[in-house]
Number of protein chains: 2
Amino acid sequence: MTSTGKWTDGVEGILLDITGVLYESGESEAITGSVEAVKRLKEAGLPVRFCTNETTTTRQVLVDKLNRFGFDIKSEEVFAPIPAMCQVLKERNLRPHLLISRNASADFSGVPTDNSNCVVLGDAVDEFSYANLNKAFQILISLDKPILFSLGKGRYYKDGKDLALDVGSFCRALEVIMDG
Amino acid sequence: MTSTGKWTDGVEGILLDITGVLYESGESEAITGSVEAVKRLKEAGLPVRFCTNETTTTRQVLVDKLNRFGFDIKSEEVFAPIPAMCQVLKERNLRPHLLISRNASADFSGVPTDNSNCVVLGDAVDEFSYANLNKAFQILISLDKPILFSLGKGRYYKDGKDLALDVGSFCRALEVIMDG
């Protein structure tokens with residue numbers, strides 16, 4: 001990368017991951033140099049968008065955190081699973097039963113959830129309780145054509161020094177339970 | 001069945017299930033006629049043994065409950081998964097991490113559980129929390145040769161008018177998570 005601008009030739013835009021790229025999970029500051037790097041990309045006149053598989057919080061809370069870390073990011077520049085999910089639900093006229101983190105539920109506001117005809121799993125973390133898994137299972141098994149969406153496919157991730165089960169594992173679990 | 005005793009010809013013993021046979025799950029009395037039936041079997045001189053897949057409680061608590069319901073059953077007449085599991089653990093020199101109902105833990109007393117080299121799942125019900133599933137997963141993935149025992153294979157059972165996830169579902173879930 002040079003300051004001549006030539007490296008941007010043929011580059012129509014930049015798509016950046018967030019966690020592990022702009023900041024490390026659990027940390028309370030940006031990864032060294034990342035604030036400056038994003039700034040330079042934007043100053044080079046390139047459209048920059050951010051994508052994330054984060055489903056433990058709302059998009060706005062995530063954006064606010066990033067901006068506290070020194071970034072200058074707008075909500076509409078961030079592509080996250082829940083807004084995409086909401087669009088699919090609307091298009092297919094689906095009313096989800098949500099098994100998601102309580103902190104993320106605001107991003108589903110306005111989505112009808114009565115008489116659920118599908119289940120949506122997010123990274124619910126401690127909300128993956130027996131009672132909540134049971135409820136999701138009961139709804140799936142009550143449907144003629146069970147529909148299960150997962151907001152991520154990851155089996156597990158590194159959480160500090162430990163591994164932690166991710167939403168993809170719970171999705172696979174419900175799949176095999178339903179398949180018998 | 002007649003009272004002449006002839007029906008016992010060639011019968012060397014009787015093996016009876018407990019839940020759903022002697023009493024219904026969640027009920028606080030014996031199924032009508034079952035106390036009398038067991039009594040007649042014993043009076044006919046037949047050895048009677050009871051088997052159960054019950055892992056939410058200790059064998060003794062189960063036997064005490066049955067005797068409160070009017071049966072006359074000794075602990076050693078009841079074959080339950082946990083005592084069988086303890087025997088296997090001893091034979092194979094295994095030290096389990098237990099993901100079981102707290103009410104059943106006394107039946108594992110004396111079993112070494114330090115430096116776990118296998119995981120044992122029982123019908124842990126509400127103990128199937130995210131934290132506990134995570135812990136079981138972390139132990140399995142840390143082992144060169146992960147060993148997972150399940151005290152039951154049932155996917156789900158009828159709990160009142162609802163279906164409830166059974167231990168077999170959590171075993172399958174951990175299996176697919178480990179298989180990737």
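**Core, interfaces and sheet**

Mentor: In this predicted model, Leu121(A) touches Leu99(A), Phe149(A), Ser150(A), Leu151(A), Val167(A), Phe170(A) and Cys171(A), leaving aside residues up to four places away in sequence.

Trainee: Which residues touch the most other members of the largest nonpolar core?

Mentor: The contacts of Leu121(A) listed above include Leu99(A) and Phe149(A). The largest nonpolar core holds 70 residues, and the two that touch the most other members are Leu121(A) and Leu121(B).

Trainee: Which element gives the largest share of the side of chain A that touches chain B?

Mentor: In this interface, 21 residues of chain A are in contact with 21 residues of chain B. Two or more residues on the chain A side come from each of helix H4 (130-142), strand E8 (162-165) and helix H5 (167-179) of chain A. The largest share, six residues, comes from H4(A).

Trainee: How do the residues of that side of chain A divide into nonpolar, polar and charged?

Mentor: The side in question is the one whose 21 residues of chain A are in contact with chain B. Its residues divide into twelve nonpolar, five polar and four charged.

Trainee: How do the residues divide on the side of domain 1 of chain A that touches domain 2 of chain A?

Mentor: The domain assignment places domain 1 at 12-79 and domain 2 at 82-179 of chain A, and their C-alpha centres lie 25 Å apart. Seven residues of domain 1 of chain A are in contact with 15 residues of domain 2 of chain A. On the domain 1 side, these residues divide into no nonpolar, six polar and one charged.

Trainee: Which strands are at the edges of the open sheet of three strands in chain A?

Mentor: The order of this sheet is E1-E2-E3, with parallel pairing. An edge strand pairs on one side only, and this holds for strand E1 (14-17) and strand E3 (78-79) of chain A.

Trainee: What is the bridge partner of Asp17(A) in E2(A)?

Mentor: Strands of a sheet pair through backbone hydrogen bonds, in either a parallel or an antiparallel manner. E1(A) and strand E2 (residues 48-51) of chain A pair in the parallel sense, over four bridges. Within E2(A), the bridge partner of Asp17(A) is Cys51(A).

Trainee: How many helices and strands does chain A have?

Mentor: Along the sequence, chain A follows the pattern β-α-β-α-β-α-β-β-α-β-β-β-α. Its secondary structure therefore comes to five helices and eight strands.

Methods. Residues are numbered from 1 along each chain as its sequence is written. Chains are lettered from A and ligands numbered from 1 in the order in which they are written. This is a predicted model: local features need pLDDT of at least 70, side-chain atom pairs count only at pLDDT 80 or more; totals for chains, interfaces and linings use all residues. Domain bounds come from an automatic or database domain assignment. Two residues are in contact if their C-beta atoms, placed from the backbone, lie within 7 Å. Ala, Val, Leu, Ile, Met, Phe, Trp, Tyr, Cys and Pro count as nonpolar, Asp, Glu, Lys and Arg as charged, and the others, Gly among them, as polar. A nonpolar core is a set of buried Ala, Val, Leu, Ile, Met, Phe, Trp, Tyr and Cys residues joined through C-beta atoms within 7 Å. A residue is buried if 20 or more other C-beta atoms lie within 10 Å of its own, exposed if 12 or fewer, and partly exposed in between; C-beta atoms are placed from the backbone. Two strands pair if DSSP finds at least two bridges between them.
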